[in-house]
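I opened my notebook to look up a pocket and a strand. Here is the structure I worked from.

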Amino acid sequence: MLSTAVQAQTAPTPAITPEGVRAHVEFLADDLLEGRDAGTRGHEIAARYVATQFAALGLKPANGDNWYQQVPLEMRALGEPATSFVTIGGTRYANGTQAIVRANAPGAQKASGEAVFVGYGIASPENRIDDYAGLDVAGKTVVMLYGAPKSLPSDVRAALGQDKGKAAKARGAAAVITLFDSEMVKQYPWEVVVAEAGGPATRLAEPSDKPQELTPVSALLSPVAAEALFAGAPSSYKQILAAADKGRALKGFALKPAVAIEGTSSTRAFTSPNVVGVIPGSDPALAGEVVLLMAHLDHNGTRPDAKGEDKVFNGAMDNAAGTASMIEVARAFAASGSRPKRTVMFAAVTAEEDGLLGSQYLAKHPVGAGKVVSVVNLDMPILLYDFTDVVAFGAEHSTMGPLVAAAAAKDGVKLSPDPMPEENLFTRSDHFSFVQQGVPSVFLVTGHANGGAAAFKTFLATHYHKPSDDLKLPFNWAAGAKFARVNYNIARDLADAAQAPRWYADSPFGKQFAADAPKAVRAK
């Protein structure tokens with residue numbers, strides 16, 4: 001239960017102020033927290049801050065009597081060029097030059113012999129796609145394009161891209177080589193790939209919690225190495241890209257050059273906490289159903305090799321702003337004087353920047369007495385303008401969509417459709433860990449109206465994942481308070497609704513991840 005003092009309050013409107021949002025962001029994005037990287041002192045301080053905020057508001061710890069759920073992680077450093085490389089037809093491409101090699105198991109890992117091109121590497125009977133049809137890949141290296149066919153809807157493409165490593169391993173592949181398609185080549189020049197992917201990689205330490213089963217060794221190749229790989233093949237790498245750009249089916253075939261991949265890695269184990277609190281539901285019939293509000297607490301830490309004098313990646317917008325909004329939603333619940341019918345859970349999760357790891361662990365290792373039935377994820381709201389609309393990525397896939405629209409309208413805010421469907425943003429933040437467990441979810445951000453499109457474009461081009469995402473940005477703190485109010489209304493309506501959200505019958509995510517769950521028919 002909430003504290004007696006909280007129960008006595010009868011505030012007619014949520015107690016959310018611009019000053020409250022600002023205070024949280026200013027603390028969490030301060031240089032003293034050193035960028036809040038998972039497993040560092042700065043993240044531990046941030047976690048303690050969130051836990052004390054929850055406690056002060058009268059929330060209860062979700063993990064027994066503990067605010068924290070410790071997530072087991074391991075950091076795996078890439079091997080040196082002398083010990084990690086790809087050899088194609090006798091030419092060696094050292095790690096960090098024209099190849100990025102990852103050993104996916106401890107120690108030295110090797111694979112050598114024949115290689116087979118398998119298109120996008122997708123096996124989906126439901127979508128009548130089997131890129132492995134007629135191909136023998138047992139003991140061989142499979143070569144696949146990144147992503148999924150452009151001829152498919154963006155949401156289907158995103159769903160199909162999740163289990164490609166598992167499909168390769170299930171068919172006995174010894175290794176996986178991934179090649180970028182034309183879009184990725186343009187978006188990520190190879191020198192950027194080397195700079196961003198060439199560092200240590202963090203992942204969940206428990207094998208059962210890894211996002212997909214992997215072959216012992218894998219590699220990403222540059223266009224230069226890819227051309228060498230397709231030498232003498234029925235189609236060149238450029239021809240494969242041209243066919244993919246036109247949405248044509250890609251037929252697999254054996255590749256002529258012999259391929260060898262060797263990789264080593266060193267591993268460091270550590271833990272980092274999710275911070276999880278709850279407001280227990282008041283309705284005995286509904287209290288076992290949990291509405292989860294979530295925001296990732298981590299960012300990218302401090303990097304001595306960052307360009308310029310500023311080496312701290314403060315993550316003020318990404319995602320101190322989302323975490324601040326979540327805390328203020330909890331404050332609004334406390335100030336309302338009325339407990340929700342369903343249990344409402346608040347989670348500040350770790351290691352999102354490392355691959356949604358904290359949310360994956362929480363989704364697979366639930367805490368608290370109840371089942372999560374819906375998720376609202378707050379990740380990087382752009383609080384630089386007076387937004388008049390919001391985008392709830394994924395709203396079109398479940399009955400959460402109409403509810404989100406009605407709740408936002410209470411604050412004069414419209415719900416807009418996804419303005420960037422080609423980016424597949426619905427699959428790229430923490431809520432997707434719960435989608436994969438069959439839970440209807442939305443990812444809420446400020447919209448593109450009233451100057452939002454320009455604000456987004458400028459932020460992504462200039463400040464995203466850079467030290468300049470800090471407190472010197474011209475925050476609109478009133479917009480921060482409005483964003484928190486919108487999310488309070490959404491969470492309150494979800495918690496008090498007569499029925500928990502359901503996937504629409506035609507949603508590819510509902511079909512893939514919640515095949516046996518009751519579905520809703522989309523209103524015409």
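My entries follow, with the ground rules first.

**Ground rules.** I'm working with a predicted model, where local features need pLDDT of at least 70, side-chain atom pairs count only at pLDDT 80 or more, and totals for chains, interfaces and linings use all residues. Residues are numbered from 1 along each chain as its sequence is written, and side-chain values use heavy atoms, with hydrogens and water left out.

**Entry 1: strand 9.** I looked up residues 141-145, which form strand 9 (strands are DSSP runs of E, at least two residues; helices are H or I, at least four; both are numbered from the N terminus). Is strand 9 buried or exposed? Five of its five residues are buried (under 20% relative accessible area, 1.4 Å probe, protein chains only). Thr141, Val143 and Leu145 are on one side, and Val142 and Met144 are on the other.

**Entry 2: its partners.** Strands pair if DSSP finds at least two bridges between them. I found strand 6 (residues 109-117) running parallel to strand 9, with three bridges. Strand 10 (residues 175-179) is also parallel to strand 9, with five bridges. Thr141 is the bridge partner of Ala115 and also stands opposite Ala175 in strand 10.

**Entry 3: the second largest pocket.** I noted about 480 Å³ of space there (the volume filled by probe spheres set on the points, which are joined across faces, edges and corners). A pocket is an open set of points on a 1 Å grid over the protein atoms alone, where a 1.4 Å probe fits, with protein on both sides within 12 Å along at least five of seven lines; lining residues have an atom within 4 Å of a point. Of the 21 lining residues, Lys371, Val372, Val373, Gly438 and Val439 are the closest to the centre. Strand 17 gives the most to the lining, three residues.

Definitions and conventions: Buried < 20%, exposed > 50% of the residue type's maximum accessible area, 1.4 Å probe, protein only.
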